[in-house]
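Please keep the sequence and the model in view while reading.

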Amino acid sequence: MSASARILDQEFIKDLKNGMLKPYLKLVHNDDTLDLQIRANYINIYYRGGNLIRINRKRDVYHAHFDRNYLNKDESNVPKLPDRIQSTQDVQIWKECVPHLKYEMDLWFRKHRKDEREFQQVLVRENNFGRIANGTDYYICDIEYSGNAGRFDLVAIHRVKARELQPGQTDQHCQNT
């Protein structure tokens with residue numbers, strides 16, 4: 001697997017779909033302000049274009065990270081979060097903290113606007129899952145992709161081609177991203 005490959009190992013996928021990490025997937029499905037993106041054996045959950053939670057796996061242990069630079073240093077009410085996700089209790093602690101983390105990010109974005117990144121996330125949500133989703137020709141499968149061909153804000157596949165794929169089959173372009 002190359003360093004830029006956007007792929008999760010099978011155990012990570014299993015834990016995300018039906019295991020300990022499933023609450024994060026459910027959280028993203030139920031909150032249209034969040035966007036989950038797959039990276040090189042880790043996931044990012046974005047809020048307003050900023051990285052809300054990064055979850056990676058090292059030696060069969062999941063690690064969660066929130067960029068503390070988003071915190072209002074003087075008045076932050078975010079409790080200490082576990083670095084490792086080893087139990088459903090750890091997952092629950094992170095989930096319960098999401099509203100607090102989003103609030104801190106709202107305060108930070110008020111002073112440090114990132115309009116392009118925020119717009120990318122809105123575009124992905126509306127294009128892929130909004131009311132117009134069934135009428136669009138493309139499915140956006142990645143954001144902020146950087147590889148041998150260059151750097152791209154959005155990567156999409158043509159929906160007609162995507163609909164032709166068999167279950168479990170992936171488009172070669174998105175497989176390489």
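## A buried lysine and its partner

Lys102 has a relative accessibility of 15% and therefore counts as buried, where buried means under 20% relative accessible area, exposed means over 50% and partly exposed lies in between, with a 1.4 Å probe and protein chains only. The place of Lys102 is in helix 3; helices here are DSSP runs of H or I with at least four residues, strands are DSSP runs of E with at least two, and both are numbered from the N terminus. This is a predicted model, in which local features need pLDDT of at least 70 and side-chain atom pairs count only at pLDDT 80 or more, whereas totals for chains, interfaces and linings use all residues. Residues are numbered from 1 along each chain as its sequence is written, and side-chain values use heavy atoms, with hydrogens and water left out.

Leaving aside residues up to four places away in sequence, Lys102 touches Asp31, Thr33, Leu34, Tyr47 and Leu52, a contact being heavy atoms within 4.5 Å. With Asp31, Lys102 forms a salt bridge whose closest N and O atoms are 2.7 Å apart; the term requires a side-chain nitrogen of Lys or Arg within 4 Å of a carboxyl oxygen of Asp or Glu. This pair links distant parts of the chain, since Asp31 lies in the loop between helix 2 and strand 1 and Lys102 in helix 3, 71 residues apart. Asp31 also counts as buried, because its relative accessibility is 16%.

## Other charged pairs

How many salt bridges does a search of the whole structure find? The search finds eleven. One of them joins Arg57 to Asp9, with the closest N and O atoms 3.3 Å apart. Arg57 lies in strand 3 and Asp9 in the segment before helix 1, so the pair ties together parts that are 48 residues apart in sequence. Arg57 counts as buried because its relative accessibility is 16%, whereas Asp9, at 28%, counts as partly exposed.

Arg151 and Glu144 form another salt bridge, in which the closest N and O atoms are 2.4 Å apart. Arg151 counts as exposed at 56% relative accessibility, while Glu144 is partly exposed, with a relative accessible area of 23%. Salt bridges that share partners also join Arg6, Arg39 and Asp142 into one network.

## The sheet and the helices on it

Five strands form an open sheet in the order 1-2-3-4-5, with antiparallel pairing; two strands count as paired if DSSP finds at least two bridges between them. The edge strands are strand 1 and strand 5 (84-85), each of which pairs on one side only. Strand 3 and strand 4 run antiparallel and are joined by five bridges, and within this pair Asn56 stands opposite His63 in strand 4, while Arg57 has Tyr62 of strand 4 as its bridge partner.

Helix 2 packs on the sheet, touching strand 1, strand 2, strand 3 and strand 5, and its direction makes about 130° with that of strand 1. Helix 4 (residues 115-129) packs on the sheet as well, touching strand 1, strand 2 and strand 3, with its direction at about 90° to that of strand 1. For these angles, axes are lines fitted to C-alpha atoms, for helices over the stretch in contact, and values run from 0 to 180 degrees between N-to-C directions.

Strand 3 and strand 4 form a hairpin with two residues between them, and Arg59 in the turn has a positive phi of about 50°. Strand 4 and strand 5 pair in the antiparallel sense over two bridges, with Arg84 in strand 5 as the bridge partner of His63.

## The nonpolar core

The largest nonpolar core has 31 residues, and those with the most contacts inside it are Tyr24, Leu52, Ile53 and Ile55; such a core is a set of buried Ala, Val, Leu, Ile, Met, Phe, Trp, Tyr and Cys residues joined through side-chain atoms within 4.5 Å. The elements that give two or more residues to this core include helix 1 (10-18), helix 2 (22-30), strand 3 (50-58) and helix 3 (88-111). Its largest share, eight residues, comes from helix 3.

Tyr24 touches Ile45, Ile53, Ile55, Ile85, Asp90, Val91 and Trp94, not counting residues up to four places away in sequence.
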